[in-house]
Amino acid sequence: MACGTGQGIKRQIEKINWPVTIIMTDLSHRILKWDKVFYSTECKNPFVDMIYLACDGSNLPVMSGSIDIVFSYAGYESMQAKMMDGFRESYRVIKSGGCTVYTKTLIEGRENSNSEKRMKLLLSGVEKGETEWVTDQFIDIEEWLTKCKNTGFKENKFTKIYDELPAPDSDIFPFENEITQWMANYVFVSVKF
């Protein structure tokens, strides 16, 4: 889902030793053209059939209940304002008993002083009209698990990869064009029953 250059799936492709079809989806035809060249030359696996599908991840041209696993290495989040639409669309296309495996950045908590300072710094540089969308990205683990359950994923397992980075001593948000780089990162497996 929203694969970009497919660096998240690259390591998995190298280890597959059974017949499988992988559908790489992205909005960008140019990225998928690069992917096709790379995965047919530099990262070829005889067990893996690759399909490159240029489409909006919030409206996949795929039958409901036809996919075993949707994998998203930062893909949902790269969909920005359509992230939840893409997440719901994944639920639609996954077979009963299938899952989505994905990374997700989350804040440590709304009452966490580090999170509060980071959010304040970030919002001070956000353009007018984008504040609501940016604020919606600040959710903690409990809020995300609620979104998962409301989407239909009743079983949601996760592993925290790393904690939030400490807030800077300055009054300037330290990352240009990157709202989530400082947040805690998790790997989730959300199962559809």
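Which residues have the most contacts inside the largest nonpolar core? In this predicted model, where local features need pLDDT of at least 70 and side-chain atom pairs count only at pLDDT 80 or more, totals for chains, interfaces and linings use all residues. Residues are numbered from 1 along each chain as its sequence is written, and side-chain values use heavy atoms, with hydrogens and water left out.

The largest nonpolar core comprises 25 residues, and Phe87, Trp144 and Phe188 have the most contacts inside it. Such a core is a set of buried Ala, Val, Leu, Ile, Met, Phe, Trp, Tyr and Cys residues joined through side-chain atoms within 4.5 Å; buried denotes under 20% relative accessible area, exposed over 50% and partly exposed in between, with a 1.4 Å probe and protein chains only. At least two residues of this core come from each of β3, α4 (83-93), β4 (94-106), α7 (141-151) and β6 (184-191). Helices (H or I, at least four residues) and strands (E, at least two) are DSSP runs numbered from the N terminus. In soluble globular proteins, nonpolar side chains tend to be buried together.

Apart from its neighbours within four places in sequence, tryptophan 144 is in contact (heavy atoms within 4.5 Å) with Met83, Met84, Phe87, Tyr102, Lys104, Leu106, Ile139 and Phe188. The charged end of lysine 104 sits over the ring of tryptophan 144, at 4.9 Å from its centre. Here NZ of Lys or CZ of Arg must be within 6 Å of the ring centre and within 35 degrees of the ring normal. Likewise, the charged end of lysine 192 sits over the ring of tyrosine 91, 4.6 Å from its centre.

Aromatic pairs number 16. Rings of Phe, Tyr and Trp (its six-membered ring) pair if their centres lie within 6.5 Å, with planes under 30 degrees apart counted as stacked, over 60 as edge-to-face and the rest as tilted. Tyrosine 76 and phenylalanine 87 form an edge-to-face pair, 5.3 Å centre to centre with 85° between the planes. This pair links helix α3 (residues 75-78), which holds tyrosine 76, to helix α4, which holds phenylalanine 87, 11 residues apart. Both tyrosine 76 and phenylalanine 87 are buried. The pair of phenylalanine 138 and tryptophan 182 is tilted, because the ring centres are 6.2 Å apart and the planes lie at 50°. Phenylalanine 138 is in the loop between α6 (131-136) and α7, and tryptophan 182 in the loop between β5 (155-162) and β6, so the pair ties together parts 44 residues apart in sequence. Phenylalanine 138 and tryptophan 182 are both buried. One aromatic cluster is formed by Tyr76, Phe87, Tyr91, Tyr102, Trp144, Phe153, Phe158, Tyr186 and Phe188.

The loop between β2 (48-54) and β3 (67-72) contains glycine 57, which is buried because its relative accessibility is 9%. The C-alpha atoms of glycine 57 and threonine 25 are 7.1 Å apart, although 32 residues separate them along the chain. Serine 58 is placed in the loop between β2 and β3 and is buried, with a relative accessible area of 18%. Its side chain makes a polar contact with that of aspartate 56 (2.8 Å); the term covers N or O atoms within 3.5 Å, where within protein one must be able to donate a hydrogen and the other to accept it, and residues adjacent in sequence count only if both atoms are side-chain atoms.

The structure holds zero disulfides (cysteine sulfur atoms within 2.5 Å).
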